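Welcome! Take your time and find each part as it comes up.

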Amino acid sequence: MSKLVIVESPAKAKNIKGYLGRGYEVVASMGHVRDLPAARLSVDVENNFEPKYAVIKGKENFVSDLKKKADKAEYVYLATDPDREGEAISWHLATLLDLDMNDKNRVTFNEITKTGVTRGMANPRAIDIDLVNAQQARRILDRLIGYKLSPFVSQKIRRGLSAGRVQSVALRLVVDRENEIRAFKAEEYWSIDAKLTNPPDRKAFSAVLVEDPEGNPLKPDKKNITCKEDSDFILSQLEGAEYVVKSVKKGTRKKSPTPPFITSTLQQEASRRLSFQAKRTMKAAQELYEGVDVAGMGTVGLITYMRTDSLRISEEARAAANAYILDTYGEKYLPAKPRYFKTRGNAQDGHEAIRPSMPGVTPERVKASLTADQYKIYKLIWERFIASLMEACQQETLKVEIEAGGFLFNATGYTVKFDGFTALYEEKTDDAKAAEEAPLPPMKAGDVLKLKSLLGNQHFTQPPARYTEASLTKALEENGVGRPSTYVTITTTILSKEYVVRDGKQFVPTELGEAVTNLLEDKLPNIVNVKYTSKMEDDLDKIDSGEKDYIDMIRLYYDDFEAPLEKAKQEMLGVKIKLSEETTDVVCDKCGRNMVVKVGRFGKFLACPGYPSCKNTKPLVTKTKAKCPECGGDVIEKKTKKGTSFFGCSNYPTCHFMTWDAPSDDVCPRCGKSLFRRRGNVLYCPDKEGCGFTKPVPRKKS
């Protein structure tokens with residue numbers, strides 16, 4: 001008889017099996033095996049909110065086979081992911097397999113390495129029912145709120161919409177920011193900027209006017225110079241002035257490294273540095289955690305668990321990283337006193353920060369064994385972790401005051417005395433003002449400088465920036481809304497529901513998204529209240545530690561939600577919020593009106609605006625610039641019922657051309673037919689007679 005180990009993913013199962021060897025059978029549950037059925041509420045509100053779980057459709061045979069394996073096994077270990085969700089999956093498995101809940105059959109792996117797996121198997125414990133209840137409370141509350149609120153929103157605006165405990169708060173943040181931008185009124189201000197040199201040094205440096213002869217401040221951030229006339233007046237007063245160094249102040253400052261990654265900061269930095277969307281980042285991180293086949297090392301998990309909000313790192317990992325720093329950079333790059341990072345108050349400290357499982361394994365060592373995305377994410381995680389334990393960067397600062405015609409200019413800069421952690425890594429920033437100060441030439445009081453140019457520059461105050469996926473995740477984290485495991489789902493949902501659209505990296509709310517937010521803000525303000533949702537998260541976290549009873553918690557927040565919802569339903573009987581409709585150039589062939597875009601249960605379609613007198617509808621098709629390679633007709637974009645795009649000929653059913661590959665605007669240089677794009681970013685000619693032309697698509701320069 002063998003021991004049965006149940007994990008979540010096949011990749012992890014294969015890798016763990018390699019470490020455990022003979023005597024163990026490792027199988028994957030493929031995520032949850034039991035959940036609340038979607039077709040009904042599945043929560044008995046009248047009976048202490050008892051959840052009505054069922055085996056997920058399509059997994060019945062798997063569960064049956066798993067029961068047989070468990071019956072034959074000498075022992076069953078539940079080794080699902082080391083978080084609330086993983087704990088709940090283990091509890092569901094234990095329930096289905098009739099395992100003793102008090103038995104020490106739960107094992108967790110913070111890293112999928114020989115050491116991590118051995119340590120996990122050596123320390124089994126009983127299922128943590130508090131963690132399970134914390135997950136259940138969230139799942140049940142989300143179901144109660146989503147199941148009852150979504151139909152209300154759909155009835156009042158349009159079919160197929162959703163609203164929820166966290167997604168609606170995220171949407172409100174985006175909508176509020178857009179309202180701030182609309183309300184913003186730009187203010188004009190000017191700066192007086194000089195370019196100077198200190199002969200014989202020929203390199204020019206910048207100085208900015210900060211004070212007039214009467215001592216009044218003129219710094220750009222004070223916005224004292226408000227128009228061109230004032231700017232021109234000051235420039236006229238400075239004509240022929242001599243620029244003399246009044247004082248030079250030297251100082252030193254220490255720049256410390258940023259902490260190792262947690263889930264949110266990894267997503268933010270990958271967005272800034274790599275332009276990765278959060279889903280892409282987490283996919284690569286999941287693969288690195290579960291294990292990859294590395295030449296010369298075998299299959300190994302390269303990073304620790306990637307869903308965490310803790311900054312704790314093990315002393316073992318610290319020692320390994322310190323050894324690498326010492327060997328590679330030398331003793332002066334190691335701080336005299338070890339650096340510890342403080343985890344924020346409401347974080348879950350069950351895991352370490354995201355770090356390389358083997359700090360001595362450099363990105364270059366494994367590059368050949370990784371996909372491009374895996375390598376980029378591993379390099380980011382590895383460099384951030386190693387740098388976080390290195391000595392601070394020492395900078396010598398310089399502030400120079402320059403007098404000219406009674407006016408005072410400032411020039412600031414710095415030089416690096418010791419690069420420290422910046423020899424390896426420095427965090428990117430979204431702040432445009434955080435540009436590096438330029439180095440300054442040697443100067444001393446009394447030096448007479450040479451003016452190269454003096455300009456008045458016009459500026460306007462800027463509205464707050466729209467959220468990006470990275471900055472929205474940061475805002476959610478800072479406000480205590482959502483948790484590491486939910487950030488990707490939140491942004492994916494508001495995009496898929498067309499509540500927001502991407503404009504480059506920025507999130508712009510649609511008319512639909514604003515209508516949903518306005519409705520909820522008016523009728524159910526708590527649902528979109530950031531502080532209320534943050535308090536709910538904090539209270540739900542207290543279930544983890546056993547401080548709060550999960551049934552009491554659900555009842556408290558459900559009662560808070562149900563009464564306002566029922567009131568809103570009564571107040572809005574017969575009321576429908578009308579959105580403006582997109583008018584197309586497609587003419588209704590029954591009455592001659594221009595058809596409009598509507599949204600139904602299977603997505604967008606064309607309908608006559610004359611309804612109900614004219615009920616004509618048509619499928620919505622998007623015409624591309626490409627021509628059908630078989631008959632020369634237009635190639636149009638179509639959608640499957642699941643919303644996946646494919647492309648076909650507009651002359652269907654006469655012509656049956658169809659492809660999943662997107663058409664391009666380019667044509668084949670050999671035969672003149674439209675080129676299509678296949679996987680691998682390659683353009684090809686689909687000519688069936690054997691043209692065979694292909695060409696790679698050049699990568700865009702970042």
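Let's begin with contacts along the chain: among those between residues at least 6 apart in sequence, 65% join residues at least 24 apart. Keep in mind that this is a predicted model. The protein chain has 702 residues, and 48% of them count as buried.

**The whole chain**

- You can count 17 helices and 29 strands in the protein chain.
- Taken along the principal axes, the C-alpha atoms fill a box of roughly 90 × 75 × 65 Å.

- In soluble globular proteins, nonpolar side chains tend to be buried together.
- The largest nonpolar core here holds 78 residues, and L149 and V153 touch the most other members.
- Which helix gives the most to this core? That is helix 5 (residues 129-156), with 10 residues.
- Apart from this core lies another one of 61 residues, which includes L20, V117, A284 and L424.
- Leaving aside residues up to four places away in sequence, V153 touches R158, L161, A163, V516, L519 and L520.

**Where helix 1 meets helix 4**

- The axes of helix 1 and helix 4 (residues 114-122) come within 10 Å of each other and cross at roughly 80 degrees.
- Angles from 65 to 115 degrees count as roughly perpendicular, and helix 1 and helix 4 are therefore roughly perpendicular to each other.
- On the helix 1 side, I16, Y19 and L20 make the contact, while helix 4 brings K114, V117 and M121.
- Sorted by type, the residues of this contact are 5 nonpolar, no polar and 1 charged.
- Two of these contact residues, L20 and V117, are also among the members of the 61-residue core.

**A look at helix 9**

- Helix 9 covers residues 278-290, which makes 13 residues.
- From its first C-alpha to its last, helix 9 reaches 18 Å, close to the 18 Å expected at 1.5 Å a residue.
- Which residues of helix 9 are buried? They are A278, T281, M282, A284, A285, Q286, L288, Y289 and E290.
- One of them, A284, belongs to the 61-residue core as well.
- What covers the buried residues of helix 9 includes helix 1 (10-20), helix 8 (263-274), helix 12 (372-388), helix 13 (469-478) and helix 14 (487-496).
- Just after helix 9 comes G291, which takes a positive phi of about 125 degrees.

Technical notes
Residues numbered from 1 in each chain as written. Predicted model: local features only at pLDDT ≥ 70, side-chain atom pairs only at ≥ 80, totals over all residues. Heavy atoms only, no water. Helix = DSSP H or I, 4+ residues; strand = E, 2+ residues; numbered from the N terminus. Expected span 1.5 Å × (residues − 1). Buried < 20%, exposed > 50% of the residue type's maximum accessible area, 1.4 Å probe, protein only. Contact = heavy atoms within 4.5 Å. Axes fitted to C-alpha atoms, helices over the stretch in contact; angles between N-to-C directions. Parallel < 35°, antiparallel > 145°, perpendicular 65-115°, else oblique. Nonpolar A, V, L, I, M, F, W, Y, C, P; charged D, E, K, R; others polar. Core = buried A, V, L, I, M, F, W, Y, C linked by side-chain atoms within 4.5 Å.
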